[in-house]
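Hi,

Here is the structure I promised to send over. Have a look, and my notes follow below.

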Amino acid sequence: MNDRLTVQTDDGGFDCYIARPRAAIAPVIVVIQEIFGVNAGIRSIADAYTAKGYIAVCPDLFWRTQPGVDMSESNEGDVAKGFALYGAYDFDKGPRDIAATVAAARTLPGASGKVGVTGYCLGGLLTFLTAARADADVFVAYYGGGTEKYVTEGFNIKRPLLMHLAGDDEYIGKDAQATIHAALRDNQHVEIHTYPGRKHAFARPGGDHYDAADATLANRRTDAFFKQHLT
């Protein structure tokens, strides 16, 4: 079952896509978009979580610039537009929007009160920043581009965070990955897995660099992590 949630902030309100499981009471997973908005791929990830017994909530994080963005990486114009939206994005307000989504998700009808956050690419970075600046029960970040620029904030992470990195990520190079590992290795709340040979977005269903074996492995680790901390 699908419906909508509007989250209110001091700057206005934004919509979220919601997918619900059959269970009467369930934990919530907030799924954070890539640069292409809350598109078919992100909605499919949300829908897959309902089959695992979670309520899934996908906030529209480009709402301040252009509400309702729904694009595809297969469209050259969409890719250019996605990078333009990324370049204009406010990385201070973004985590606050996610924090507001988490707070609203805790009180959704049928929600158990526990909330996890996961995100991909832009959403992976925002998941990391939310873990450092706000609160949820657990976080999972997939190849968050630009994480190395903010990684010193990892000192503030006090909740479980699982990170997936692509070994040959064209946007998160070897030096950036080394910076991430060095900064976070002593934080007992952070677990990092690297997938050798994989490119950026290797876990995006239907994506150009999708790798079924490593996407399945990463998702299996994610499922176990969420089960441990949310149920």
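**What I found**

UniProt, in an unreviewed entry, puts the feature "domain: Dienelactone hydrolase" at residues 14-230 (positions follow the numbering used here, feature names are shortened, and annotations may be inferred rather than shown by experiment). Do keep in mind that this is a predicted model: local features need pLDDT of at least 70, side-chain atom pairs count only at pLDDT 80 or more, and totals for chains, interfaces and linings use all residues. Residues are numbered from 1 along each chain as its sequence is written, and side-chain values use heavy atoms, with hydrogens and water left out.

Now the pocket. The largest one is lined by 20 residues, and Ile35, Phe83, Cys121, Tyr171 and His200 lie nearest its centre. (A pocket here is an open set of points on a 1 Å grid over the protein atoms alone, where a 1.4 Å probe fits, with protein on both sides within 12 Å along at least five of seven lines; lining residues have an atom within 4 Å of a point.) Helices H2 (76-87) and H5 (147-150) each supply at least two lining residues, and H2 gives the largest share, three residues. Helices are DSSP runs of H or I, at least four residues, numbered from the N terminus.

By class, the lining has nine nonpolar, five polar and six charged residues (Ala, Val, Leu, Ile, Met, Phe, Trp, Tyr, Cys and Pro count as nonpolar, Asp, Glu, Lys and Arg as charged, the others, Gly among them, as polar).

Elsewhere, Gly94, Pro95 and Ile98 in H3 meet Leu126, Leu129, Thr130 and Arg133 in H4 (heavy atoms within 4.5 Å).

Cheers
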